[in-house]
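Student: Could we go through this model together? I would like to begin with the backbone and then turn to the helices and the ligand.
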Amino acid sequence: MTAHESETIPIVASSRPEMTAAIMEETGLDEAVLRTLVHRFYAKIRADDLLGPIFAARITDWARHLERMVGFWCSVALMTGSYHGRPVPLHAPLPVEAAHFAHWLMLFRETAHEVCTPAGADHVIERAERIARSLQMAVELTAARREAAASLRDPRGAAPGRVPVAGGG
Ligand code: HEM
C-alpha cells in the first residue's frame with residue numbers, strides 16, 4: 001500500500017455531509033478506497049492494448065489526471081461535489097466506439113470487485129455504466145454530425161442511399 005492509499009482524510013469536505021456519511025456507511029466506500037480504485041484501474045488502462053494508446057496520446061501529466069479522477073469519483077460515488085470539470089466535450093471527439101466503452105467497463109467492473117466491498121462495487125459500477133452510456137451517445141452524435149457535415153461539403157462522397165443536397169438546396 002502506498003502513502004496515498006493509506007490516507008483517510010478527505011481531499012474536500014462534502015457539500016452534503018449527511019448523504020455522504022450514509023453512502024459511506026452502506027457501501028464501505030471512502031476517499032481512500034476510491035483512490036485505490038482509480039490508481040489500479042488506470043494502471044490497467046495504461047497497460048491495455050486497446051485503450052492504452054488512446055490515453056497515451058492525450059494525457060501527458062498522469063499525476064494530475066489521477067488526482068482529477070479521484071475528485072470525480074468522490075463526487076459521483078459519495079456526492080462530495082469535488083469535481084467541476086466537463087467530461088462530455090473531452091470525450092466527444094475521441095476515436096472510440098461501442099467496443100471501447102464495453103472494454104473500459106469490463107476493466108472497471110473487474111477492478112471495482114478487487115478493491116471494493118460487494119455493495120461498494122455495485123454502487124460505483126452502476127454509476128460508471130450510466131455515465132459510459134451518456135459519453136458513448138455524445139461520441140456517436142459527434143461522429144454522425146461530422147459525417148453529415150462531410151457529405152454536405154462533398155455530396156459525391158456520401159454513403160449510398162443518402163440523399164445529397166442538390167445545388168443551392
Ligand atoms: C472508451 C472509453 C473511454 C476513453 C477512451 C476515455 C478517455 C479519456 C481521455 C483520453 C481523457 C483525457 C481527456 C483530456 O484531458 O483531453 C479522459 C478524461 C476523463 N474521463 Fe474518460 N474515457 C473513457 C470513458 C470514461 C468513462 C466511462 C468515464 C466515467 C465513468 C470517464 C471519465 C472521465 C473524466 C471525468 C475525465 C475528465 C477529467 C478532467 O476533468 O480532466 N471516462 N477520458
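Student: Where does M79 lie?
Tutor: M79 is in the loop between α5 and α6; helices here are DSSP runs (H or I, at least four residues), numbered from the N terminus. This is a predicted model, in which local features need pLDDT of at least 70 and side-chain atom pairs count only at pLDDT 80 or more, while totals for chains, interfaces and linings use all residues. Residues are numbered from 1 along each chain as its sequence is written.

Student: What is the phi of M79?
Tutor: M79 has a positive phi of about 55°, although it is not a glycine. M79 is partly exposed, with 17 other C-beta atoms within 10 Å; 20 or more would count as buried and 12 or fewer as exposed, with C-beta atoms placed from the backbone.

Student: Changing topic, at what angle do α7 and α8 pack?
Tutor: Helix α7 (residues 98-115) packs with helix α8 (residues 118-153) at about 165°, their axes being 10 Å apart. That makes α7 roughly antiparallel to α8, since angles over 145 degrees count as roughly antiparallel, under 35 as roughly parallel, 65 to 115 as roughly perpendicular and the rest as oblique. The axes are lines fitted to C-alpha atoms over the stretch in contact, and angles run from 0 to 180 degrees between N-to-C directions.

Student: Which residues of α7 and α8 meet?
Tutor: From α7 they include F101, W104 and F108, and from α8 they include V124, I125 and A128; contact requires C-beta atoms, placed from the backbone, within 7 Å. By class, this contact has 11 nonpolar, 2 polar and 2 charged residues. Ala, Val, Leu, Ile, Met, Phe, Trp, Tyr, Cys and Pro count as nonpolar, Asp, Glu, Lys and Arg as charged, and the others, Gly among them, as polar.

Student: And how do the axes of α3 and α7 cross?
Tutor: The axes of α3 (residues 31-47) and α7 come within 9 Å and cross at roughly 140°. That makes α3 oblique to α7. Among the contact residues are L37 and F41 of α3, and F108 and A112 of α7.

Student: Now the ligand: which residues come nearest?
Tutor: Of the 20 residues around the ligand, G85, H100, W104, I131 and A132 come nearest; a residue belongs there if its C-beta atom, placed from the backbone, lies within 6 Å.

Student: Which helix supplies the largest share of that shell?
Tutor: α8 does, with 4 residues. The shell residues divide into 15 nonpolar, 3 polar and 2 charged.

Conventions. Helices (H or I, at least four residues) and strands (E, at least two) are DSSP runs, numbered from the N terminus. Two residues are in contact if their C-beta atoms, placed from the backbone, lie within 7 Å.
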